[in-house]
Amino acid sequence: MALDTLDRRPHLPSRIAEAIQREIAEGRLQLGDRLPGEQILAVTFGVSRNVVREAIARLRSDGVVQSRQGVGAFVVRSAATPSLRIDLEALNDRVLFTNVFELRAMLEVRAAGLAAKRGTAAQRAAITAALHRMRGKEKRGDAGVDADLDFHRAVALATGNDYIAKVVSFVSEHMRESIFATRMRPGVAIDTIVDITIAEHEDIHAAIMAGSPNAAREAMGRHITNAAQRVGITISTDD
C-alpha cells in the first residue's frame, strides 16, 4: 500500500477510512486481502492505534471489511454503499450521544428478551465466551472493550433475527466511544468502572441462560441506563 502520512486535522478516522477505501477502489487492495495491522497503519498514517481502530470500525460498519478474531480485518466488499451512519465525531454532541443511547435502549432491551427466549445452545455459548473474555487479564485494556462489544453482538445474534443483529452490530461499533468516554472522565476509577460493567453483563448473561425474557430485558435496561449515567446522560428504558 502506498499511503501518504496524513496531517493532523479533525475527522482523522473518517479520512483514514476514505484512504483505505481508495486503495480498494483502485485495486491495490483486493477482495479477500487482509489489511495491514493496526500498528503498521498507525505508523503509515502517523496517528495513534485508537484512531486506526476507529477507521476500521467505520469500514466494518459499512460492510467493506470484516474482522476475524485474532487474525485481522479482511476486505469483503469493493466499495461502501450508502448506509446508516453515526459519525464518531458527532458523538461529541451531547444530544446526538443521548440519541445513540436511546436507540440502544429501544433495540437491545428487546433483543435481550428475545435472546433469552430463542437463543440456541451455540448462540448462548458465544455469549458466555464473550463474558469470559471480559473477565480476562486484559479486561481493563482494548481486549476488554472488544469483548464487551462482542457480548452485545452475541446477544443480538441469539435473537435469531438477522436485521436486529445487523443494526446492533452497527451500533456496537459506536459503543466503543461511550466506553472510552466513561474511562476518561475526570476522577473515574477505571478498575471500579470495569468491575461494575462486568457485573452488569453477568446479570444479563444469567437471565439469558435461565431463559427468562423479563429478567433479561430488565438487566439489559439497567446496564444501558447505567452506562449512559456514567457519561452524564439520563435516559429511560420504560417508555
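The legends below describe close-up views of a predicted model.

Local features are reported at pLDDT of at least 70 and side-chain atom pairs at pLDDT 80 or more, whereas totals for chains, interfaces and linings use all residues. Residues are numbered from 1 along each chain as its sequence is written, and side-chain values use heavy atoms, with hydrogens and water left out.

**View 1. The largest nonpolar core.** This core has 30 residues, of which F101, F151, V155 and I208 touch the most other members. A nonpolar core is a set of buried Ala, Val, Leu, Ile, Met, Phe, Trp, Tyr and Cys residues joined through side-chain atoms within 4.5 Å; buried denotes under 20% relative accessible area, exposed over 50%, and partly exposed the range in between (1.4 Å probe, protein chains only). At least two residues each are supplied by helix 4 (94-118), helix 5 (121-134), helix 6 (142-157), helix 8 (190-209) and helix 9 (213-229). Helix 4 gives the largest share, 7 residues. Helices (H or I, at least four residues) are DSSP runs numbered from the N terminus.

**View 2. Surroundings of F151.** Beyond its neighbours within four places in sequence, F151 is in contact (heavy atoms within 4.5 Å) with I127, A130, L131, M134, H201, I204 and H205. Another core, of 21 residues, lies apart from the largest one and includes A17, I24, I56 and V75.

**View 3. Helix 8.** The 20 residues of helix 8 reach 28 Å from first to last C-alpha, close to the 28 Å expected at 1.5 Å a residue; the expected span is 1.5 Å times one less than the number of residues. Its buried residues are I193, V194, T197, I198, E200, H201, I204, H205, A207 and I208. G211, with a positive phi near 70 degrees, follows helix 8.

**View 4. R53 in helix 3.** R53 belongs to helix 3 (residues 49-61) and is buried, with a relative accessible area of 8%. Its side chain makes a polar contact with the side chain of E38 at 2.8 Å. Such a contact is a pair of N or O atoms within 3.5 Å; within protein, one must be able to donate a hydrogen and the other to accept it, and residues adjacent in sequence count only if both atoms are side-chain atoms.

**View 5. F74, R68 and L29.** The charged end of R68 sits over the ring of F74, 3.9 Å from its centre; this requires NZ of Lys or CZ of Arg within 6 Å of the ring centre and within 35 degrees of the ring normal. L29, in the loop between helix 1 (12-25) and helix 2 (38-45), is buried at 6% relative accessibility. L29 and F74 are 45 residues apart in sequence and 9.7 Å apart in space, C-alpha to C-alpha.
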